[in-house]
Each structure stands twice: as C-alpha cells, then as structure tokens.
Amino acid sequence: MGVAIRTAGDEDRELIVRLLDGAFQDDPVSGWVFPGDEYRRTTHHRLMAAFTDVVLAEGRVDITEDGSACALWMSVPADDPGHGEEQPEDDDFARMRQAVDPENERVELIGRLTAGIHPAGRSHEYLWMIGVAPGRQGEGLGTALIGSVLDRCDREGRAAYLEASSERSVRLYRRLGFETSGEPLALPDGPHMWPMWREPRPSGSGAGLER
C-alpha cells in the first residue's frame with residue numbers, strides 16, 4: 001500500500017513544528033546547536049518553527065496524510081548563492097538568531113556555515129529537512145516523501161541537494177542516488193555534516209531512508 005502525501009499549508013504549521021521537534025531531538029547537529037537535554041527540549045522547537053515559516057512561505061512542505069512525517073523543500077535557482085539567501089548582507093541568519101535564541105551564536109552560525117557550502121551555478125531541489133515521528137521510523141515514510149520529489153527531478157532532469165547530519169544518514173541517502181560532494185563540514189567543537197548531491201537519473205529514486 002502506498003503512502004498518501006499532500007502539500008502542507010499554513011494550517012499545518014503547528015503539526016509540522018511538533019513533528020520536526022520530536023524527530024530531531026536526538027540529531028547530532030541539533031544537539032550541537034542546543035547542548036543539554038533540558039535546554040534542547042525547551043528551545044529547539046523555536047528553530048524548527050523558524051525553518052517551517054521560511055519553507056511554508058518560500059518553498060514547499062510535503063506531509064503524509066496521517067501527519068507522521070514531513071519533508072521541507074526549496075527550489076533553488078542557478079544564480080542563488082546558497083540556502084535561499086538572495087543577498088548575504090540581508091543578514092537573515094542574525095535575525096533568525098534574535099527570533100529563536102538571541103544568546104546562542106550557534107543558531108546563527110549553523111545557517112552561515114551550511115550556506116557557505118551550498119552549491120551554486122545550477123538549479124536544484126534542496127531538501128532542507130525531513131522528519132519522521134520517532135514511533136513511525138522504519139516504515140518507509142521518509143523514502144516515500146523523498147521519492148515523490150526525486151521521481152519528478154528525474155523526469156525534469158533536475159538535480160537535488162541536501163546536508164546529511166550523520167554517517168548513517170549518508171548511507172541511507174546514497175540508496176536514493178545521492179553522493180557526497182566535497183569535504184564534510186566540521187562544526188566547531190561539534191559533529192560533521194555531509195553535503196550530498198544527486199544527479200537526475202532515468203531509473204527512479206531507489207529505496208531506503210528513515211530518520
């Protein structure tokens with residue numbers, strides 16, 4: 001049986017934020033941005049809300065009909081310098097820090113660092129985040145969400161890009177046709193992130209991803 005997927009709207013905002021907050025509580029990068037379990041539990045959701053607002057306004061959020069998984073996508077044009085930032089001097093990263101957690105410089109730094117490694121010069125679909133509810137992982141929901149977009153990328157001859165936050169994720173994304181691109185990003189005193197690029201291919205999106 002297939003997974004029913006729809007495009008989320010503004011009315012789904014709180015559901016998406018809760019879903020991402022739960023899915024990324026144990027993620028290495030989230031743990032670096034918000035060190036300490038209690039701190040993360042009380043603050044992490046604000047960053048997920050900020051990300052959700054950006055993508056609902058400028059990109060697309062796909063969500064399963066039962067609300068158990070979602071994927072945040074941005075369409076990036078060839079002349080975009082990275083991460084959807086039209087002009088770095090607009091300082092959206094600093095504004096996000098002020099809105100999310102003003103005393104936490106890592107909220108701003110994670111945006112600047114990932115934007116710095118984002119590929120430019122070719123249009124692509126950017127998988128900003130994908131989250132599956134902790135109790136629903138391993139059911140193929142993540143694969144279904146990603147696969148629906150990658151199938152379209154293949155039909156349209158369009159590339160895709162993401163940053164993996166763990167070596168396990170790297171292995172899983174490779175099953176979908178992504179390959180590491182350049183050196184991993186080493187977060188200061190923290191984990192690595194792996195930029196991954198996928199060329200369109202005629203054979204479809206492959207199999208196997210969950211968070």
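This is a predicted model: local features need pLDDT of at least 70, side-chain atom pairs count only at pLDDT 80 or more; totals for chains, interfaces and linings use all residues.

Me: Start with the inside. Which residues touch the most other members of the largest nonpolar core?

Reply: Ile16 and Leu47 do, in a core of 38 residues. Helix H3, residues 37-58, gives the largest share of this core, with seven residues.

Me: And what is Ile16 in contact with, leaving aside its neighbours within four places in sequence?

Reply: The contacts of Ile16 are Ala8, Thr52, Leu56, Val61, Ile63, Cys70 and Leu72. Another core lies apart from the largest one and has 21 residues, including Trp73, Val132, Ala160 and Met196.

Me: Switching to H4. Which of its residues are buried?

Reply: In helix H4, residues 92-100, the buried ones are Phe93, Ala94, Met96, Arg97 and Val100. Down the axis of H4 they fall within an arc of 160°, so the buried residues line one face of the helix.

Me: What do they pack against?

Reply: The buried residues of H4 pack against H3 and against helix H5, which spans 105-117. On the face of H4 turned away from the buried side sit the exposed residues Gln98 and Ala99.

Me: Arg97 is on that buried list. Which salt-bridge network is Arg97 part of?

Reply: A network of salt bridges links Arg97 with Asp91, Glu108 and Arg112.

Me: Aromatics next. How many pairs turn up in the whole structure?

Reply: The search finds six aromatic pairs. In one of them, Phe51 and Trp128, the ring centres are 5.2 Å apart and the planes stand at 45°, so the pair is tilted.

Me: Why does that pair tie together parts that are apart in sequence?

Reply: Phe51 lies in helix H3 and Trp128 in strand S4, residues 124-132, so the pair joins parts 77 residues apart in sequence. Both Phe51 and Trp128 are buried.

Me: What about Tyr161 and Trp197?

Reply: Tyr161 and Trp197 form a tilted pair, with 6.4 Å from centre to centre and 50° between the planes. This pair links distant parts of the chain, with Tyr161 in strand S5 (residues 159-164) and Trp197 in strand S8 (residues 192-198), 36 residues apart. Tyr161 and Trp197 are buried.

Me: Which residues form the aromatic cluster?

Reply: Phe51, Tyr126, Trp128, Tyr161 and Trp197 form one cluster.

Me: Back to charges. How many salt bridges does the structure hold?

Reply: There are 19 salt bridges. One of these joins the side chains of Asp66 and Arg136, at 2.9 Å from N to O. Asp66 is in the loop between strands S2 (60-64) and S3 (69-76), while Arg136 is in the loop between S4 and helix H6 (141-156), 70 residues apart.

Me: Last one. How far apart are Glu179 and Arg174, N to O?

Reply: That salt bridge has 3.7 Å from N to O. Glu179 is partly exposed, with a relative accessible area of 44%, and Arg174 counts as partly exposed at 38%.

Notes:
Residues are numbered from 1 along each chain as its sequence is written. Side-chain values use heavy atoms; hydrogens and water are left out. A nonpolar core is a set of buried Ala, Val, Leu, Ile, Met, Phe, Trp, Tyr and Cys residues joined through side-chain atoms within 4.5 Å. Buried means under 20% relative accessible area, exposed over 50%, partly exposed in between (1.4 Å probe, protein chains only). Helices (H or I, at least four residues) and strands (E, at least two) are DSSP runs, numbered from the N terminus. Contact means heavy atoms within 4.5 Å. The arc is that of the directions from the helix axis to the C-beta atoms. Rings of Phe, Tyr and Trp (its six-membered ring) pair if their centres lie within 6.5 Å; planes under 30 degrees apart count as stacked, over 60 as edge-to-face and the rest as tilted. A salt bridge is a side-chain nitrogen of Lys or Arg within 4 Å of a carboxyl oxygen of Asp or Glu.
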